Amino acid sequence: MNLSAADLQKKHALEGTPDPFPSLGGRDSKAPVANGKHAKKPQQAPLDTSSETAFPSLGGSSGKKPSAPAAWAAKSERVSRPAVHYNVLSNTIELDKIDLKAAGRDGKVPTLGEVMRNVMTKSGATIEASTARLTGKTTFIIKGYDDHTIESAKRLLISGLAPVVSKKIDAPASTIGMIIGPKGATLKGIREATNVRVDIPPRNTLAVPADGSAQVSRSPSPHAANDGADEDEVTIPITVSGPAPLVDNAISMIQDIIDIRTSKVTQRVKDIPAHVFPFLGPKIEELRTKAYEENPYKILNIDPREQSGEIVCSGDRVVVAPTVEALKEAKLELEENLQSITLSMSRAQFPYILEPVFAQELLNEFGAVAVPLQDDQAGLMIYGREGLGNALSRILAKSQERSSHSWLVRGSNLDKSIALLEYLVRSGTVSEIESQDASLSIHVPTVAETKKRGTATLELIAERAPPVKTAVAQLEKKAGAISDGLQGIDVDPIVIKLLKNKHGKTLEKLQTEKNVIVSFPSEGSGFTGLIILHNHNGPNTDSVSKVRRCNEAAKSVQSLIQTVSDIKSETVTVERKWHPAVTGKNGVTLQSIIGEDGFVTVEFGVRGKEPNENEILVRGPASEVDRAVGQIHKAVADAEQYEIDHSYILEFSIPQEYVGRVVGSQGSGVNKIRDSLDVKIDFSD
């Protein structure tokens, strides 16, 4: 049975309620109901299409404000926000060995997981770990939102797990200042960046090697600055302690500083024999060319110093080091493989045989080099690889191009001959005769050479024979005039100084009374001792009188020598590093030790059978030696104390609020500390 809407209302006691489904005629149209039956349907009004009520606008161009949404709709509305994405950074480290004991406290050894959680808590990073069964290496993957987080976690992880080690690096002394930095800033930065301990010992605590040198190591190494000077530069051992990877990082940072300082170096090839030096010329040019071709933008300077027997190489390390090694190898090969023959020859010939032009001719044409024999021997040693016979023939031919003569100085004995020869040189006779002809050369032997040969001989040589004959005649005449009564007295050079200083007037009176000449050696002449001879410019007397007067004068001089012969020698042991303190700036301290009169001699590094560079020999009158030795000890003690006073540096922090109190009004507080303790105090921000 079909029920109408009115029937339903009546059934459910809902008569009079609004119709839930009104007709489409509009809001005001109602379906009349009477007694449950439909009323007569009224006539429908015409449809108004312009009605806003019947046909509401969809918005847009009308500009009318839309109606407010319902309350439940506002609560359920979702607000759209921009999404933020973070980039996660990661880093990986590997540890060969893990030492969990290093991370433990109070004797408790933590697990790897506990260490990792502790690091993650402190750093804010995420850490994952895995261990390879075959190698035993543990790999850690560290993730974080920035580099600082990852680096912090990395340092904490290594500090807690890596084994603690201690390593050393030898740093050239010239680089220590750069490693420490201004007011310790560089060293502090290394320590903070790596969390390791870096110890640089003060110089006065370094062990001194047996040879007395102040350095700990002189061996050149790939990283040591040799020389940055120099390959013999003092090196200081720097000790770095901490977790193994961080120690390696710190050493790498220190090495970078050393490399910057020593990128320019100076190295030497030393102790090159005189006969080897000329053969290295082509090798030097070859190495120069090679260095330029391989490294055109690097600097290489090669300075051959034949007089000192060394080659100095300077410039960029990358080209200097291989060049020095190549020169050392070439030097060693020449020393082992060169052949030699000996040729006897007068030393007077040497200036012509050894002149640069002829020496270059021998080297270019015959591959040979001639050098004088050692130990005052008269002769040449000829070196080469082959063809020495041809070189020898050329040298002999060259020597015959000159006229030469050996003049024997005749005295009643060897001492008289040496005295006569010495006076001929000392009086200027030899140089005067030699100056008469430009081609004439006179070789004067040393006293040691003369005593070794047992004869006093002058070697004369010139382009032609006449100048030589004339010179010999003049020498014979001069020697004959002064040989009667000639006396030679061997006297210590210090005694000669004292004799002239204390008995100068007595000697002048003696020369006048005896009509003799007392000749003193000139500075740097190589001759020592006094010469007493008859004054041929005085009254002319017979030979017997000349001899008698010279003998009497010699006895008087000997008596004067006895009064000033209290000569003493004393050796003072002073480490070589303190020798500059004895010398002083510009030699001022040493000059004070020697004294104005120069009666004391001071020799550094005593040269004997066993040279000792830590010894200083002081020689002179006993009282002067005692004074000088006392001054040496004082100079060394002052230098040692100065180093102690200035070798310790302590850095510490002061809270900002207390700085003013420490400094005091206008610096009065800090100045009081400086004056009372004799220390240097610097403040940094």
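Two strands pair if DSSP finds at least two bridges between them, and the strands themselves (E, at least two residues), like the helices (H or I, at least four residues), are DSSP runs numbered from the N terminus. In this sense valine 198 stands opposite valine 240 in E8. The model is a predicted one, in which local features need pLDDT of at least 70 and side-chain atom pairs count only at pLDDT 80 or more, while totals for chains, interfaces and linings use all residues. Residues are numbered from 1 along each chain as its sequence is written, and side-chain values use heavy atoms, with hydrogens and water left out.

The secondary structure of the chain comes to 24 helices and 23 strands. Of the 685 residues in the chain, 34% are buried, where buried means under 20% relative accessible area, exposed means over 50%, and partly exposed lies in between (1.4 Å probe, protein chains only). Contact is taken as heavy atoms within 4.5 Å; among contacts between residues at least 6 apart in sequence, 69% join residues at least 24 apart.

Strands of a sheet pair through backbone hydrogen bonds, either parallel or antiparallel.

| Strand pair | Sense | Bridges |
|---|---|---|
| E7 and E8 (residues 235-243) | antiparallel | 3 bridges |
| E15 and E17 (residues 457-462) | antiparallel | 6 bridges |

In E17, glutamate 459 is the bridge partner of serine 406. Serine 403 lies in strand E15 (residues 403-408) and counts as buried because its relative accessibility is 19%. Apart from neighbours within four places in sequence, serine 403 is in contact with residues including Leu460, Ile461, Ala462 and Val468.

Turning to the helices, helix H3 (residues 112-123) and helix H4 (residues 147-161) pack at an angle of about 150°, with their axes 9 Å apart. The contact is made by residues including Leu112, Val115 and Met116 of H3, and Ala153, Leu156 and Leu157 of H4.

Isoleucine 482 is found in helix H16 (residues 465-482), and it counts as buried because its relative accessibility is 1%. Leaving aside neighbours within four places in sequence, isoleucine 482 is in contact with Leu420, Tyr423, Leu424, Leu533 and His536. Isoleucine 482 and histidine 534 are 52 residues apart in sequence, yet 6.7 Å apart in space, C-alpha to C-alpha.

In helix H17 (residues 493-502), the buried residues are Ile494, Val495, Ile496, Leu498 and Leu499.

Terms used:
Axes are lines fitted to C-alpha atoms, for helices over the stretch in contact, and angles run from 0 to 180 degrees between N-to-C directions.
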